[in-house]
Amino acid sequence: MSENMKKNIKDLWIAFRPLSLSLSVSSTTLGILFASKKVPLNPLNVVLVTLAGMAVLSCANLINDFYEGSFKYHRPNEKTYRFLSYDRTLFDMLVFFTSLACLLFTGLIGLYLMFTVNMNLFWIGLVGMFGSYAYTGEPFVYKRKGLGALFSLILVGCLMVLGSYMVFVTEFSLMPVLLAFPASLMIPLMMMSNEIRDYERDKDLGINTATVIFGLKFGYITYIAILVLAYSLLLILIILGLLPLQSLIVFTTLPLALKAYKTVANEYTGIRVTNMLHIAFNALMILSLMV
């Protein structure tokens, strides 16, 4: 294998951001678990739902890298070509077409599930696929309209939980979305940690995230508000008996939440700690539901 090919594989792996795929795995797993309380699960569909969630989020990651030019700075001496109104290297084009392949893969799974299980999945899948591309894909780019955190909650949180649930329980219900909402809030928390860390860079590049539009103080306030809401809502749902008592185990992540807030602006540890919080919060939530 040539050195250039090795570099392409390595950089493409980075562009996929494999650790971020825990966001989709958590959401699909929660939807599947809530469905399992009502009906038996088809193992094949469990696998397909999980893969579709990972693929659609991978599309968003790759599209983001293509349009924000993350990799052109790592390849300053490579020849560029005019592509979609930008000067891009062959690797940049590989990132773009890989993102479309991920979207196609998601669509094929969606079509299979739609025709074999539930036709109502069409609208959920269509909105999810469009949202994946439009996160940073032109001409939409809702991330630059200050909507990144909000849309991540709606699409990767609520919609993915609902879609995963409805693969197995065909009738529409917002209950799984409500029950998963504390865990889903960890998704916009991740987005806000990105916005806070990248505030200066985004401001210089004209990337109008909500934190750039409303200021760094707004970013911090939103971050702490999401944390407070997540733990408060979790407690309310447990008190109301909508979540099992064993879900109290999630509160053991509070020290990690405090650390995440204290380090959120740190270039090297901020996002890593917030991601650890997301994984721990969701893992314990999933474990409590399985028990």
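Predicted model: local features only at pLDDT ≥ 70, side-chain atom pairs only at ≥ 80, totals over all residues.

Reply: Leucine 108 has its place in helix H4, which covers residues 90-116. Because its relative accessibility is 51%, and the cut-off for exposed is over 50%, leucine 108 counts as exposed. Leucine 108 also belongs to a nonpolar surface patch of about 550 Å², which is made by Leu104, Leu108, Leu111, Phe115 and Met119.

Turning to the charged side chains, the structure holds 5 salt bridges, and one of them joins arginine 82 to aspartate 87, with 3.1 Å between the closest N and O atoms. Here arginine 82 counts as exposed at 60% relative accessibility, whereas aspartate 87, at 42%, counts as partly exposed.

Another salt bridge is formed by the side chains of aspartate 11 and lysine 7, at 3.4 Å from N to O. These two residues are 4 apart in helix H1 (residues 3-16), so about one helical turn separates aspartate 11 from lysine 7. Aspartate 11 counts as buried, with 7% relative accessibility, while lysine 7 is partly exposed at 34%.

Aspartate 65 and arginine 17 also meet through their side chains in a salt bridge, at 2.7 Å from N to O. Because aspartate 65 lies in helix H3 (residues 43-67) and arginine 17 in the loop between H1 and helix H2 (22-36), this pair ties together parts that are 48 residues apart in sequence. Aspartate 65 counts as buried at 4% relative accessibility, and arginine 17 is partly exposed, with a relative accessible area of 30%.

Conventions. Residues numbered from 1 in each chain as written. Heavy atoms only, no water. Patch = residues over 30% accessible without salt bridge, like charges linked within 9 Å, V, L, I, M, F, W, Y side chains within 5 Å. Areas by Shrake-Rupley, 256 points an atom, 1.4 Å probe, with all protein chains shown as cover. Salt bridge = Lys/Arg side-chain N within 4 Å of Asp/Glu carboxyl O. Buried < 20%, exposed > 50% of the residue type's maximum accessible area, 1.4 Å probe, protein only.
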